[in-house]
Amino acid sequence: MYVAVKGGERAIENAHAWLAEERRGNTDIAELSIAQIREQLSLAVNRVMAEGSLYDPDLAALAIKQARGDLIEAIFLIRAYRTTLPRFGASEPIDTGIMACDRRISATFKDLPGGQVLGPTFDYTHRLLDFKLAADGEVPKAPSRDAETGTVPHVTEFLNREGLIEEAPYDDAPPPDLTREPLEMPSTRALRLQALTRADEGFTLGLAYSTQRGYGRNHAFVGELRIGSVPVEIDIPELGFPVEIGEVILTECETVNQFTGSKTEPPQFTRGYGLVFGQTERKAISMALVDRALRWEELGEDNVGAPAQDAEFVLYHADNIQATGFLEHIKLPHYVDFQSELELVRKLRREAGAQQLQEAAE
Amino acid sequence: MKDTVSENNPRKAWMGLLAKAPEGRVAALLDAEISRPAFTWLRAPEIGSTMVRARSGATGAPFNLGEMTITRCALTLETGEVGHSYIQGRSKADAEVAALVDALMQTAMAVRLREAVLEPLEAGMANVKAARAAKAAATKVDFFTMTRGED
């Protein structure tokens, strides 16, 4: 039962005023600009765009500033803003094969066309705090080298040529959209991929890790990981032809997983797929592992009861805005609910007390 | 009325170029060359989103990856040419100037604007891309064999 009460307005207003002051912090310290956040905290910006499910670095930077660096709060702000935008259609499916790669590595082939390009990675750093960053310092210019022109082929293409890996056959069915229709089970892979790409990074990482530790193991190798920019094209109804409207930076991970085969098909590698807005490598790899685990039924594997195989469990708990909304609502006033619980427990205690007295008397 | 395919290609190319230009760059190039002609709005700039689609396994069935912000507008010059723009982000000023250049590229100004706006824009963007590709190339691993075990 809900009972409306009044009286919190002034406290709320004052709390928000104090929040604004605390957000600003010590005014002797220079204020952060949106551009500074966008340029210098770009991986936080990328996470907010990916899980906010809206590609706009400036908005994500603003959300991070407003949320005082609480990324889930920032994602919440982006999701809320997103709902206010009219939607001008959907893009043509992007082609990650023409990605201008900043990074492109394969853990399965050492020498591959296009090579192993490390890009601006944390890998191979020693994870020692760099106190030079605490002082204002000039950054040395990154070295350059002549680049090959042309696109970088996908690793799965070479395996495909030998028939060693399952194909991802071309299809043009319009995909379901969980921002328009409620998420329902059983889910299609297209719906799962949409849910996973905007899923909480920590939850997705934990599930992916669980598959590596044996809860629905699928023996994943990173066949390829690539990060770079891809053009986005939409069909312009007034003109009758598609036009590029911009570019997005994406991280794509294709895993090569252990075999499946049948009486009619010889054994071949299977695949998991991760694709996420921004430079979001941990999330993309996690997504690919979870995508692969969720494909157990389609690939004729046993359901071993692992959490990562349970589409309903994964998809209904992966969204951090849904989760935090439900979790955090329990801190809001529940005075009346709690009053009834109090009365119930008092009544039970009275009854138990009366029974004890009676037993003692007997 | 829909344009024919043969006419589409150059227009598609310049619209894509204008859409991907850095913020304020088209305006700077255009205003340095001409004073802007009068126009009327067919559709004033409006901010919205588009759902970006991708393919599972890069080549398979499409899925919805997430949205991106876009701004669109349409205008008519006094001489009747219609300019459209659909550009990434939320800059109404950039959408306006992109639609204006799209319209002007259909007039006798086309040659002049190609030289003064499109070509420098394309060159500038190609330089930025090349610089990035060159940095990536410098991080390419050159493997060499240290020792090879024979057992």
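Predicted model: local features only at pLDDT ≥ 70, side-chain atom pairs only at ≥ 80, totals over all residues.
pLDDT is the predictor's confidence in each residue, on a scale from 0 to 100.

View 1. Chain B has a mean pLDDT of 91, with 93% of its residues reaching 70 or more. Over residues 1-6 of chain B, however, pLDDT stays under 50, and for this stretch the model has six contacts beyond four places in sequence.

**View 2. The side of chain B that touches chain A.** In this contact, 51 residues of chain B meet 67 residues of chain A. The elements of chain B that give two or more residues to its side are helix 1 (5-20), strand 1 (39-55), strand 2 (62-77), strand 3 (82-88) and helix 4 (110-138), and of these strand 2 of chain B gives the most, with 11 residues. Sorted by class, the side of chain B that touches chain A has 23 nonpolar, 16 polar and 12 charged residues.

**View 3. Strand pairing between chain A and chain B.** Strand 2 (residues 87-90) of chain A and strand 1 of chain B run parallel and are joined by two bridges. A:Arg87 has B:Ser49, in strand 1 of chain B, as its bridge partner.

**View 4. The two domains of chain A and the contact between them.** Chain A is divided into domain 1 (9-82) and domain 2 (96-120 + 150-324), whose C-alpha centres lie 29 Å apart. The contact between them takes 12 residues from domain 1 of chain A and 14 residues from domain 2 of chain A. On the side of domain 1, the elements that give two or more residues are helix 3 (42-52) and helix 5 (71-82) of chain A, with helix 3 giving the most, namely six residues. By class, this side of domain 1 has seven nonpolar, two polar and three charged residues.

**View 5. The open four-stranded sheet of chain A.** The strands of this sheet follow the order 3-4-5-6 in chain A, with antiparallel pairing. Because strand 3 (100-105) and strand 6 (268-277) of chain A stand at the edges and have a single partner strand each, one side of each is left without a neighbour in the sheet. Neighbouring strands are turned against each other by 30 degrees on average, direction ignored. Strand 5 (residues 241-260) of chain A is joined to strand 6 of chain A by nine bridges, and the two run antiparallel; in strand 6 of chain A, A:Gly272 is the bridge partner of A:Thr255.

Technical notes
Residues numbered from 1 in each chain as written. Chains lettered and ligands numbered in written order. Domains from an automatic or database assignment. Contact = placed C-beta atoms within 7 Å. Nonpolar A, V, L, I, M, F, W, Y, C, P; charged D, E, K, R; others polar. Pairing = 2+ DSSP bridges. Axes fitted to C-alpha atoms, helices over the stretch in contact; angles between N-to-C directions.
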